[in-house]
Amino acid sequence: MSASITDPIAFTPNRATLEAALDELDAIGTSGGGAVEPERRRRALATYERFTSEPIAKARGRRHDYRNLAYDDLIWTSGRTRMSAPRKPAMAEAPASDAPALAVENAGGLVHAGSIYLQATANNADPRVTLMSLADAKRDRAARVVPVLGRIAPADDPFVALATAFQNCGALVDIPEGVVLDAPLQLIFTSKPGETHAVFPQIVVRLGAGARATIVERHVGTSETFVCGTVEVELAERATCAYVVAQQADDGARIFFRRSAVCAERSHMSWHAAEFGGALVRSRIDADLAEEHASVAIDAFFFARGFDHADLGVVVEHGAEHTTSRTVIRSAATDRGFGEVNGTIRIAEEARRADASLRSDALVLSRDAHVDATPALEIATNDVTAYHAATIGSLDDETLFYIQQRGIARGTAQRMIALAFFEPAIAGFPSDALRDEVRTVLDAAIDEGVAATFDQ
């Protein structure tokens with residue numbers, strides 16, 4: 001196995017670090033993971049620096065000040081190393097408690113260890129599909145990357161700017177017109193104990209007219225890594241994309257992602273996010289329904305345990321007639337976990353006969369846990385159907401008593417109710433294998449995270 005990797009740089013988000021990173025990328029040449037021009041990186045860093053220089057009053061209950069994050073002991077690097085293509089085991093071959101990185105049979109996969117691209121010597125991807133590192137794609141398929149990269153995710157988001165400034169890895173997924181994939185593609189980001197990496201992936205996804213694909217983005221590992229990235233999806237007319245996020249990073253990891261999509265006429269985008277790991281998770285999901293009859297479905301949930309902080313935001317823009325959106329969010333917190341959910345639906349004046357719904361429900365499982373939920377509708381025309389609702393509650397003693405009367409122990413009853421609470425979000429995931437995997441991981445998380453509280 002050969003490797004071509006930049007020298008590690010102690011990471012701090014400042015100009016000196018960026019210039020050192022640019023020098024390293026220049027020295028390593030085409031083996032590096034850089035896909036963003038130097039001047040664009042410098043402009044993005046200036047955007048992030050303006051954000052961190054502005055004071056902000058700490059929000060009620062918030063444990064993290066995004067303007068003053070610690071970056072101690074992180075290193076920035078980029079590059080690639082060769083590896084043999086791994087065998088792709090079926091779900092049935094994997095122990096239920098293991099949830100391996102390649103748990104679903106797939107049409108192809110791309111793996112990063114930290115920010116290092118693990119370049120397989122063989123690739124089982126469908127030959128019609130382009131699945132490659134972003135740096136290679138920017139060099140060899142610039143016409144497919146340039147129209148999307150940095151043009152869909154909002155540049156004024158400070159963490160989009162940070163990901164742009166220090167981008168060191170990423171992927172292009174390009175599904176040609178009319179291609180329908182029966183099995184998912186996987187993008188895997190993993191870590192192991194040792195050096196703690198600052199990872200800045202940018203992912204570009206394009207589906208041609210009438211194409212259909214499922215993409216699974218996985219985060220696994222045992223390192224307190226810092227990951228800050230973007231996903232930008234462009235759907236042509238009548239294309240269908242299901243994008244799944246299965247985040248099982250280390251309990252000390254920090255994960256910041258902005259995932260955005262633009263949908264053409266009669267295309268359908270579905271986002272499915274399961275956030276299990278991480279001490280601090282900031283997740284933003286956007287959908288721009290730019291043309292008539294475009295639609296989006298969003299199913300997302302998180303479970304904040306210990307001192308975890310989970311921050312989920314969803315924005316759906318209805319910009320054309322007959323567009324449709326459905327958003328289902330489930331969130332829960334136990335011990336001293338903290339969560340916040342912000343969901344916004346915007347319906348433009350020209351988006352007549354739009355149909356939009358947003359439902360956010362939260363479950364607080366201990367006295368010291370906290371969840372905030374803020375749904376919002378912004379409607380500029382009358383001829384629409386729009387609905388939003390949010391609830392925050394705890395386990396109901398009357399329901400528990402009713403279940404106990406059927407011979408079920410109180411602790412078991414509490415676990416059953418907590419698992420069932422997430423089901424409306426899980427049910428939307430795009431395959432039986434993924435739904436079963438999510439339920440298995442969630443069941444273990446509930447058992448581990450709330451058993452002590454339930455059994456008191």
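Mentor: Happy to. Buried means under 20% relative accessible area, exposed means over 50%, and partly exposed is in between (1.4 Å probe, protein chains only). This is a predicted model, where local features need pLDDT of at least 70, side-chain atom pairs count only at pLDDT 80 or more, and totals for chains, interfaces and linings use all residues. Residues are numbered from 1 along each chain as its sequence is written, and side-chain values use heavy atoms, with hydrogens and water left out.

Trainee: Is Glu 292 buried, exposed or partly exposed?

Mentor: Glu 292 counts as partly exposed, because its relative accessibility is 37%.

Trainee: And where is Glu 292 found?

Mentor: Glu 292 is in the loop between strand E17 (280-289) and strand E18 (295-304). Helices (H or I, at least four residues) and strands (E, at least two) are DSSP runs, numbered from the N terminus.

Trainee: Which residues form the negative surface patch?

Mentor: That patch is made up of Glu 177, Glu 237, Glu 265, Glu 291 and Glu 292. Patch residues have over 30% relative accessible area and no salt bridge, with like charges joined within 9 Å.

Trainee: What about the phi of His 293?

Mentor: His 293 has a positive phi of about 65°, although it is not a glycine. Most residues other than glycine have a negative phi. His 293 also sits in the loop between E17 and E18, and its 29% relative accessibility is why it counts as partly exposed.

Trainee: What can you tell me about the phi of Asp 335?

Mentor: Asp 335 is not a glycine either, and its phi is positive at about 55°. Asp 335 is in the loop between strand E20 (324-333) and strand E21 (338-347). With a relative accessible area of 38%, Asp 335 is partly exposed.

Trainee: Switching topic: how many salt bridges are there in the whole structure?

Mentor: A search of the whole structure gives 28 salt bridges. Each one is a side-chain nitrogen of Lys or Arg within 4 Å of a carboxyl oxygen of Asp or Glu.

Trainee: Which residue does Arg 284 form a salt bridge with?

Mentor: Arg 284 pairs with Asp 311, and their closest N and O atoms are 3.2 Å apart. Arg 284 is in strand E17 and Asp 311 in strand E19 (residues 309-318), so the pair ties together parts that are 27 residues apart in sequence. Arg 284 counts as buried at 15% relative accessibility, and Asp 311 is buried with a relative accessible area of 3%.

Trainee: How about Glu 321 and Arg 353, where do their side chains meet?

Mentor: They meet in a salt bridge, at 3.4 Å from N to O. Glu 321 lies in the loop between E19 and E20, and Arg 353 in the loop between E21 and strand E22 (355-364), so this pair ties together parts that are 32 residues apart in sequence. Glu 321 is buried, with a relative accessible area of 16%, while Arg 353 is partly exposed at 40%.

Trainee: Is Asp 136 buried or exposed?

Mentor: Asp 136 is buried, with a relative accessible area of 9%. Arg 139 counts as partly exposed at 42% relative accessibility.

Terms used: Patches are made of residues with over 30% relative accessible area and no salt bridge: like charges are joined within 9 Å, nonpolar side chains (Val, Leu, Ile, Met, Phe, Trp, Tyr) within 5 Å. Accessible areas come from the Shrake-Rupley method with a 1.4 Å probe; for residues, only the protein chains shown count as cover. Lys and Arg count as positive and Asp and Glu as negative; His and the chain ends are not counted. The place of a charge is taken as NZ of Lys, CZ of Arg, CG of Asp or CD of Glu.
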